[in-house]
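These are my notebook entries, written while I looked things up one after another. I begin with a pair of helices and then move on to other places.

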Amino acid sequence: MRTLIKNGTVVTATDRYQGDILVEDEKIAVIGTSLDIQADKVIDAGAKYVLPGGIDVHTHMDMPFGGSKSSDDFETGTRAAAFGGTTTIVDFAIQYRGQTLHHALETWAAKAEGKAVIDYGFHMIITELNDQVEGEMDALVRQGITSFKLFMAYPGVFMLDDGSIFRALLRSGKNGGTICMHAENGGVIDVLVQRALAEGKTAPKYHALTRPARAEAEATHRAIALSEMADVPIYIVHLSAAEALEMVTEARDRGLPAYAETCPQYLFLSYENYEEPDFAGAKYVMSPPLREKAKQDQLWRGLKFNDLQCISTDHCPFCMKEQKELGRNDFSKIPNGAPGVETRMSLVYDGGVRPGRISLNRFVELTSTSPAKIFGLFPRKGTIAPGSDADIVVFDPNRTITLSASTLHMNVDYNPYEGRQVTGATDTVLSRGRPVIEDGKFVGRAGSGSFLKRASRT
Ligand SMILES: [Zn+2]
C-alpha cells in the first residue's frame, strides 16, 4: 500500500519546507519535491501543514474511580484523540496496594486490546514499593514499560513516602526507567480539605482553595531534590503553578535533568472557572487545580525557553450527570479530571502559535517530538523522516472550529472550552500509514492500534 501526500508544508521540530511524502505500508519511505511516484492513494495537502502525529503522554482511559470510571474507554478516547490530530497516547496502568505491577499491566493491556484505534503505551503507577515490586520494575522496563509514576498526593490511596520514592528513583538509575511525579503535598492538602469541610465550605471552588500553589511548588522542589540525591532524571507531570515552574527552572539552571509537562487547561482556563454558578465549577475539578490567570504568562515563558518540555492533556473525563454530581454537597467527592485529548493540538496552535507565543516548530516539538524523545519513542514516532512510522497529520492552519461537547467526539456530556472558537484544525490523520481520519470523518478501526514497547534511557 502506497500513499502519496502532495503539495503540503512539512513541519518538524526543526524544519519547514514544501515537500511530498511517500508512505509505503506503515513507514515514511521517501520525502522529496514534486515526487512523481505511482501510489494507491494521493492526499492533496496544498495550503496545509503536514505534521508528525501528536503524542499525548498523559491520558487516563477507562480508569476506575470510586465505583465509576473515566467516561472514555480506549476506543472512544483514542478515536477522539485521532480526531484532534493525536496518533499516540501513553496511558497509566495502576498498581493498587497488595497487587503486583504485572497484574496491573495485564489489566490495562486488556482494556486497550481490540479497542485502541491509534498506537499506545503505558506508564506504570506504583502505589506500594517493596523488594518484589522493585524487581518487577526492572522486568517492566525490559517489556517496554519504561516509565513509572509516583504520587506525593492522595495519602492512603496513591501517596508514597519519601523513602519509597527515593528507592524507586535509585532503582530507575539502575534499570534505565524514568520516574514521573505527581507533585503536590498531599498531607497539607488533606488537612486543608478537612478544615474547609468542617467550616461548611463545600462548593467546587474549595477544591482549588485547598490545593495551594505552594503545595505544588514544595513537592516539585522535593521531587527534584530526591532525584538529585539519587542522581537520576525526574519528570514532573501536569505542572500547573508558576511557583512550581520556578523550582524546575532553578534546577535546570544548575544543570540537573529535571523535566516537566504542562497541559492546555493550565494555559487557557483559570481559577475564575470554579466560580461559575450552579455547580458548573465542578467541570474544572482536577488536580492540580486551575490557577490564577495572571500567572499563565510564566508557563508560556517556560514553554518557549524549554523549562517545560511537553504539553500533554491529563485527559480524564467524567460526566456532569451521575459522576461530577457525586460531589454536589462536598467538593472532595467530585471526581478529579476533565476531557482534553481531542482539543490539545487546536488549542495550542490557536493560543500559542497564532499569537506568536511559541513558534510553529516549537509547537511540533512540545506536542510530539519532545514527548517522543523523553519517553523512548523517537525516532520511530515524533518526527517526519524516512523510516519513521507514518503517523501523519494534515493540519489546516486556517480552518476555524467551535469547540463544543455536541460536535467533539469525547464520550462526556460537557466541554471545558464550550463555545470557544479556535483556528487551526486537523483534516486527515494517518496512523502507521492507515487512514484514521479523512476530511474530518473517522475511517479507522477499533483494535488497529498497537502496544508500543518503549526504549529505556540506557
Ligand atoms: Zn493524570
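This is a predicted model: local features need pLDDT of at least 70, side-chain atom pairs count only at pLDDT 80 or more; totals for chains, interfaces and linings use all residues.

The axes are lines fitted to C-alpha atoms, for helices over the stretch in contact, and the angles run from 0 to 180 degrees between N-to-C directions.

Residues are numbered from 1 along each chain as its sequence is written, and side-chain values use heavy atoms, with hydrogens and water left out.

I then turned to helix H2 (residues 101–112) and helix H3 (residues 131–142), which pack at an angle of about 45° with their axes 9 Å apart. H2 and H3 are therefore oblique to each other. On the H2 side I found Leu-101, His-102 and Leu-105, which meet Val-133, Glu-136, Met-137, Ala-139 and Leu-140 in H3.

Which residues hold the zinc ion? I found His-58 (NE2), His-60 (NE2) and Asp-314 (OD) coordinating the zinc ion at 2.0 to 2.2 Å; donors are N, O and S atoms within 2.8 Å of the metal (3.2 Å for Na, K and Ca), and water is not among the atoms, so sites may look incomplete. His-58 lies in strand S6 (residues 54–59) and Asp-314 in the loop between strand S15 (310–311) and helix H11 (344–353), so that this pair, 256 residues apart, links distant parts of the chain. Both His-58 and Asp-314 are buried, meaning under 20% relative accessible area, with exposed over 50% and partly exposed in between (1.4 Å probe, protein chains only).

Helix H11 itself came next: 10 of its 10 residues are buried, so H11 is largely enclosed by the rest of the structure. Among the buried residues of H11 I listed Arg-344, Asp-350 and Val-353.

For the largest nonpolar core I noted 119 residues, of which Met-124, Ile-126, Ile-179, Met-181, Ile-236, Leu-239 and Phe-363 touch the most other members; such a core is a set of buried Ala, Val, Leu, Ile, Met, Phe, Trp, Tyr and Cys residues joined through side-chain atoms within 4.5 Å. Helix H7 (residues 213–230) gives the most to this core, with 8 residues. Apart from this core lies another, of 13 residues, among them Ile-5, Val-10, Ala-390 and Ile-392.

Ile-21, in strand S2 (residues 16–24), counts as buried at 1% relative accessibility, and leaving aside neighbours within four places in sequence, its contacts include Ile-5, Val-10 and Ile-392. Thr-400, in strand S16 (residues 392–402), is partly exposed, with a relative accessible area of 41%. The C-alpha atoms of Thr-400 and Thr-423 are separated by 4.1 Å, although these residues are 23 residues apart along the chain.

Definitions and conventions: Helices (H or I, at least four residues) and strands (E, at least two) are DSSP runs, numbered from the N terminus. Angles under 35 degrees count as roughly parallel, over 145 as roughly antiparallel, 65 to 115 as roughly perpendicular and the rest as oblique. Contact means heavy atoms within 4.5 Å.
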